[in-house]
Amino acid sequence: MSDLNKLTIVQAYEGLKKKEFSSVELTKACLKQIKKRNQDLNAFISVFEEEALEEAKEADKKIKAGKQEMLTGIPFCVKDAICTKDRLSTAAAKILDNYIPSFDATVIAKIREQGAVLIGKNNCDAFGHGASNENSMYGPVKNPHDLTCVAGGSSGGTAAAVADHMCIFGIGEDTGGSIRQPASLCGIVGLRPSYGRNSRYGSMPMASSMDTVGPLTKTVEDAAIVEEIIAGHDVLDATTVNEKVAKFSKSLSKLSKKLRIGVPKEYFELEGTEEETKNIIESKIAELKKNKNIEIVEISLPMTKYAIPVYYIVVPSEDSSNLGRIDGIRYGVRKEAGNLYDTYAKTRAQGFPEEVKRRIMIGTYALSAGYYDAYYRKAQKVRTLIIQDFDKVFAEVDLIVTPTSPFSAFKIGEKKDDVLAMYLADVFVCPANVAGLPAISVPAGKTKAGLPVGLHIIGPRLGEEKVFQLAQLVIPTAPGAGRDPF
Amino acid sequence: MKLSVKEIEKIATLARLELSEPEKQMYADQLSVVLDYIEMLNDVDTSGVIETCQVTGLEDVVREDKAQEASEEIKNKLIASFPEKMGKLLKVKAVFDDQT
């Protein structure tokens, strides 16, 4: 069988079960694709060829012994800002250029317990700061659809790797759109779960009150499968909720009642939204309208225009605090200087890229004496109003639909020096983070230039099941459809 | 809100970041733009609004205050990742003769 790397999780699981191929063969197919394409895409910081083949052999034994689980023997990749035991985890910053964690993040441990094969660690914006993957200290990731364009960010390497079939699925991290936006720009599925649904333990913290870990996959069904495995309460993350996790993959086509879907008018009136993106999303909504189980209503979320300014106070503030521990003292790369202060200042100056330093400084300023009330506290109050906005709307509708990104993949370098323009790339995705809501991006079409456009579905808190159900309606998995996510 | 180079120097000191002269100017300009943008929050009336610190609704999540012994393997890995060491000890610059 050729092109094993193009399989979805479901297809790979079936093939392994029927012994049509082995995990070693599947892993080799992915490694071959990485060898062929990674020099162009720069999607990986580390590739664990030897270790992956060892893990694949173990998986084959497990399958042979009749102990196959859903992810046994399936190659996956992980954003480099998530800790993986005994595997380099740099967060795409030189300050952690040599950092090898002694533990797996909880979600990674859950996946590896099933015998999945960790094939490599993905390039990303350093510490998750960015929407274009240009803030990596290991060079930008290129978009598989057009090598002159960005892959999105911050989980850009993971999105590019999944879209280009270098692995079967990936795990990323989303604080303000970092899973959904690159998924949209690369033409795959990306889920940000509700805050508290998945453990954040071992995901290098950015903004502790908004960070989430989630899957990037080729189909909605695959995303549902991974999510139901990695979700759940974790004693190592006190913010995880102790709620039962539904079998999302089993209820994908089981809509219990008619879905009322809200389309926020503000999102379509926004200046700077690409015409083609708007047209693709509007025609997708018109298509959904024809389904007798769906009712489309116009809604208003007047406070969401404040989500980006709230985000750019809360996130840098929590960032500046969290990154205080990254100082080259106990681990990482230390730059020695005459005294302790200079050692800190030099280590951090040389180990962090420009955007990380920018955020640390915004946060330090916003939290400093005399400014806390004016910035952080004010933002946290507006955050309450944004949540109330969503609560009001979700009393009327089941789900909300928007574009994922205001534009398809842009040229590398195009927005790099315009800090504000780059921040606005997350205008549709970041309100979900501010409010802690689950949201998914699914491919909705392509521009004339052949660049993917994603549709964004936001659900109420812990409402992943319905989010998946609508997503499945948007891109039902027709036979063979999973083989080509584009 | 226009930040001066002097203010940037103060922030950078608090944040433990060494900046070059061109960087100071660049960040002064960029942070000013971001702070101007953030100013739009002042349009929102937040009187009487309680701030949101977390969204889960969870309260007082506690565990027993008990140290857990790490395995020798973990200990050795942690020591191996020290940037500088003496035997099993982490080596750092003196804390109290620091001028700042």
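This passage describes the architecture of a predicted model, its chain interface and some local features. Residues are numbered from 1 along each chain as its sequence is written, and chains are lettered from A and ligands numbered from 1 in the order in which they are written. Local features need pLDDT of at least 70 and side-chain atom pairs count only at pLDDT 80 or more, while totals for chains, interfaces and linings use all residues.

Chain A is divided into domain 1 (4–259) and domain 2 (306–377); the bounds come from an automatic or database domain assignment. The C-alpha centres of the two domains lie 28 Å apart. Their contact takes 21 residues from domain 1 and 21 residues from domain 2. Residues count as in contact if their C-beta atoms, placed from the backbone, lie within 7 Å. On the domain 1 side, 11 residues are nonpolar, eight polar and two charged. Here Ala, Val, Leu, Ile, Met, Phe, Trp, Tyr, Cys and Pro count as nonpolar, Asp, Glu, Lys and Arg as charged, and the others, Gly among them, as polar.

An unreviewed UniProt entry annotates residues 25–467 of chain A as "domain: Amidase". UniProt positions follow the numbering used here, feature names are shortened, and annotations may be inferred rather than shown by experiment. Over residues 25–467 the chain is 37% helix and 16% strand. The end C-alpha atoms of this stretch are 34 Å apart. Helices (H or I, at least four residues) and strands (E, at least two) are DSSP runs, numbered from the N terminus.

The unreviewed UniProt entry also carries the annotation "active site" for Lys79(A), Ser154(A) and Ser178(A). These residues span 100 residues in sequence, yet no two of their C-alpha atoms are more than 10.6 Å apart, so they gather at one spot. Ser154(A) lies in the loop between strand 5 (146–150) and helix 5 (156–163) of chain A. A cis peptide bond joins Gly153(A) and Ser154(A), with omega about 10°. Elsewhere, Asn42(A) occupies the loop between helix 2 (23–41) and strand 1 (44–47) of chain A. Asn42(A) has a positive phi, near 60°, and is not a glycine. Most residues other than glycine have a negative phi, and most peptide bonds are trans.

Between the chains, 52 residues of chain A are in contact with 45 residues of chain B. Helices 10 (307–322), 11 (340–351), 12, 13 (373–394) and 14 (419–423) of chain A each supply at least two residues to this side. Helix 13 gives the most, with 10 residues. The chain A side divides into 28 nonpolar, 14 polar and 10 charged residues.

The axes of helix 12 (residues 354–367) of chain A and helix 2 (residues 21–38) of chain B come within 11 Å and cross at roughly 60°. Axes are lines fitted to C-alpha atoms, for helices over the stretch in contact, and angles run from 0 to 180 degrees between N-to-C directions. The two helices are therefore oblique to each other; angles under 35 degrees count as roughly parallel, over 145 as roughly antiparallel, 65 to 115 as roughly perpendicular and the rest as oblique. Arg358(A), Met361(A) and Ile362(A) meet Tyr27(B), Gln30(B), Leu31(B) and Val34(B).

Within chain B, the axes of helix 1 (residues 5–14) and helix 2 come within 9 Å and cross at roughly 100°. That makes helix 1 roughly perpendicular to helix 2.

Conventions
Two residues are in contact if their C-beta atoms, placed from the backbone, lie within 7 Å.
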